[in-house]
Amino acid sequence: MSVERALVLAKPDAVCIRQAPITAVETLLKSINGGKLLCFEHHVVPTELAEQHYEEHKGKGFFPKLLNFICNPNGVIVMVFEGVNAVKTIREVFGPTFVEKAIQVECLRGKFGSCGGINCFHSSDSAESGARETKLWVDYFKIELNEEKAKKAFDEYKAKYDGKYKCDVSKVRDIVKKIRADSGEYVNAMKELSDCDDFLIKQLLASIILN
């Protein structure tokens, strides 16, 4: 059994939802054998770092959208987990990449994701990428990997947001479907968005639309 480190990002949509990072940390610490949380920090991602992180996708048609979304001013929560077979366990907890598949199984992307690749979480896909990605982000932001410090940061985040801000993801999914339909549906969706009094939904939808 190998002890691995994996980078996990609560992406800008997860930051909007508030509860998503809390559920992710608690679920992963229960699921990973000997699981430890070594980092829990909020950062806005500069283009330079995003390009390095997604380097393998450079030149692909969706590359600009990847950069645009991860660099959203909502920022991301950077997490590093350590444990036995951590990479595989995390990916099982998060589920399929695309939300339309994720909602068919019990997983966190199915619970919190909005549509397509707007799926709330990034996680390393191998032990090798886990080591590479962890080094990249830790070095860039000069992060100290420290279990006690990470726990304190998470506890403070949880105390501030747990159960206090609820974003209706199903409503987000409905509006996104309309936005992606014909022009008439788009107009109706924009009206729903402007009439919506839920700030978190507005923030999340703005992120998706701008992407």
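Author: A contact here means heavy atoms within 4.5 Å. Among contacts in the protein between residues at least 6 apart in sequence, 78% join residues at least 24 apart. The structure is a predicted model, in which local features need pLDDT of at least 70, side-chain atom pairs count only at pLDDT 80 or more, and totals for chains, interfaces and linings use all residues. Residues are numbered from 1 along each chain as its sequence is written, and side-chain values use heavy atoms, with hydrogens and water left out.

The secondary structure comprises twelve helices and four strands; these are DSSP runs numbered from the N terminus, helices (H or I) having at least four residues and strands (E) at least two. Buried residues make up 51% of the 211 residues, where buried means under 20% relative accessible area, with a 1.4 Å probe and protein chains only.

The active site itself is placed at His122 by an unreviewed UniProt entry; UniProt positions follow the numbering used here, and such annotations may be inferred rather than shown by experiment. His122 belongs to strand S4, residues 121–123. His122 counts as buried because its relative accessibility is 12%. Leaving aside residues up to four places away in sequence, His122 touches Leu7, Val8, Leu9, Lys11, His53, Phe94, Arg109 and Glu133.

The loop between helix H7 (108–112) and S4 contains Ile118. Ile118 is also buried, with a relative accessible area of 7%. Its C-alpha atom is separated by 8.8 Å from that of Thr97, 21 residues apart along the chain.

Methods: Buried < 20%, exposed > 50% of the residue type's maximum accessible area, 1.4 Å probe, protein only.
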